[in-house]
Amino acid sequence: MKSYPLMVIGTVAIDEVETPFGKRDSVFGGSASYFSYAASFFTKVELMAIVGKDFPIEYRKILEEHSIGLDHLQVTEGKTFRWKGKYESDLNSALTLDTQLNVLLDFKPELRPESPPEFLFLANIDPLLQMNVLDQVKRPKCKFIACDTMNFWINGKRKELDSVLKKVDLFVLNDGEARLLTKEMNLIRAGRKIQQMGPGTVVVKKGEHGAFLFCSEKFFSVPAYPLEEVFDPTGAGDTFAGGMMGYLVKSGDLGFENLKRAVVCGSIVASFTVEDFGLDRLRKLKLNEIEERIEQFKKLCHF
Ligand code: AMP
């Protein structure tokens, strides 16, 4: 089996999404799918997840075409995880209409003990499963672990999530989740409180308003790339994390200055994701377009 510098463990899903611009059934989604696709612009990435027998072969091909490692994509009897969401006037937050865990209930992620990934991303999934993986991780072979979550798990599995946070280096979450987790409305205070829960580094994403990076006592604030049209925000958070982690793996530098660049890179990749439904925009995207947008962004922020 091939070994990869980066592994993501999360969901591979079939989504139903409604935005003010249209409605689509059977969109290929899931936290691990979006993350791995974005990260694979920068590095080799392996995806660990579970799907049911109903998982379309075309979706698998989309990942294969981007050289994403699928040896750990388990296929089992039953139905693939399904999520139904809607965005109303506020495109920064999705309203979950339905979550069907399906085969996720049987998921038992198992790391290869002989060749653990150097970088690990625990994408949005049941914190109990995230903890399961963390119990198998051997430090210092695995040198950097990051994770994500969402309101569904903050509300439903808080104790398990608290245990996860004690063991990760970086936590990426959005503004609403940061407020829900800390009961703190001010995002700077919320970020600091989250650092005290465990992760030395925290990224709070604020949708169209950019992101905050907290790293030990250091702080960085970055705007979002200004877009006139946002079509479908689904996957923005996961592709932000994928672009950011992919950049970190490629550069191999975990210092604060490089973390800042990684945050910008994640935010630029996410700015492409939202320009179309699902992975449609990223599937047409070329690395040079990401680089060009980063250059434009630099000019926009410089004074
Ligand atoms: P985001 O990047 O935050 O927009 O994430 C979007 C993806 O998260 C969708 O493709 C969903 O399939 C997936 N998702 C939704 N709810 C959950 C959940 N409770 N656990 C894991 N993944 C989820």
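Colleague: Which backbone atom does the side chain of Ser 31 contact?
Modeller: The backbone oxygen of Asn 124, predicted at 2.8 Å from a polar atom of the Ser 31 side chain. A polar contact here is a pair of N or O atoms within 3.5 Å; within protein, one must be able to donate a hydrogen and the other to accept it, and residues adjacent in sequence count only if both atoms are side-chain atoms.

Colleague: What are the ground rules for the numbers?
Modeller: This is a predicted model, where local features need pLDDT of at least 70, side-chain atom pairs count only at pLDDT 80 or more, and totals for chains, interfaces and linings use all residues. Residues are numbered from 1 along each chain as its sequence is written, and side-chain values use heavy atoms, with hydrogens and water left out.

Colleague: Where does Ser 31 sit?
Modeller: In helix α1, residues 31-39. Helices (H or I, at least four residues) and strands (E, at least two) are DSSP runs, numbered from the N terminus.

Colleague: Is Ser 31 buried or exposed?
Modeller: Ser 31 has a relative accessible area of 4%, so it is buried. The cut-offs: buried is under 20% relative accessible area, exposed is over 50%, and partly exposed is in between, with a 1.4 Å probe and protein chains only.

Colleague: What reaches the backbone nitrogen of Ser 31?
Modeller: The side chain of Thr 11, at 2.9 Å. Thr 11 is in the loop between β1 (6-9) and β2. It counts as buried because its relative accessibility is 6%.

Colleague: And how far is a polar side-chain atom of Thr 11 from a nitrogen atom of the ligand?
Modeller: 3.1 Å. Asp 15 also has a polar side-chain atom by the ligand, 2.5 Å from an oxygen atom. For Asp 238, a side-chain N or O atom is 2.7 Å from a ligand oxygen.

Colleague: How much of the ligand's accessible area does the protein cover?
Modeller: 89% of the 510 Å² that the ligand has on its own. Those areas come from the Shrake-Rupley method with a 1.4 Å probe; for residues, only the protein chains shown count as cover.

Colleague: Which elements give two or more residues to the shell?
Modeller: β2 (13-19), β6 (81-86), α4 (151-156) and α8 (236-251). α8 gives the most, with 3 residues.

Colleague: How many residues surround the ligand?
Modeller: 18. The closest are Asp 15, Gly 30, Asn 124, Gly 235 and Asp 238. Near means that a heavy atom of the residue lies within 4 Å.

Colleague: Zooming out, how many helices and strands are in the chain?
Modeller: 11 helices and 13 strands. The radius of gyration is 18 Å, close to the 19 Å that the globule rule gives for 303 residues, so the chain is as compact as a globular protein of that length. The radius is taken over C-alpha atoms, and the rule is 2.2 Å times the number of residues to the power 0.38.

Colleague: What share of the residues counts as buried?
Modeller: 55% of the 303.

Colleague: How many residues of α9 are buried?
Modeller: 16 of its 18, so α9 is mostly covered by the under 20% cut-off. Helix α9 covers residues 256-273 and reaches 26 Å from its first C-alpha to its last, close to the 26 Å expected at 1.5 Å a residue. That expected span is 1.5 Å times one less than the number of residues.
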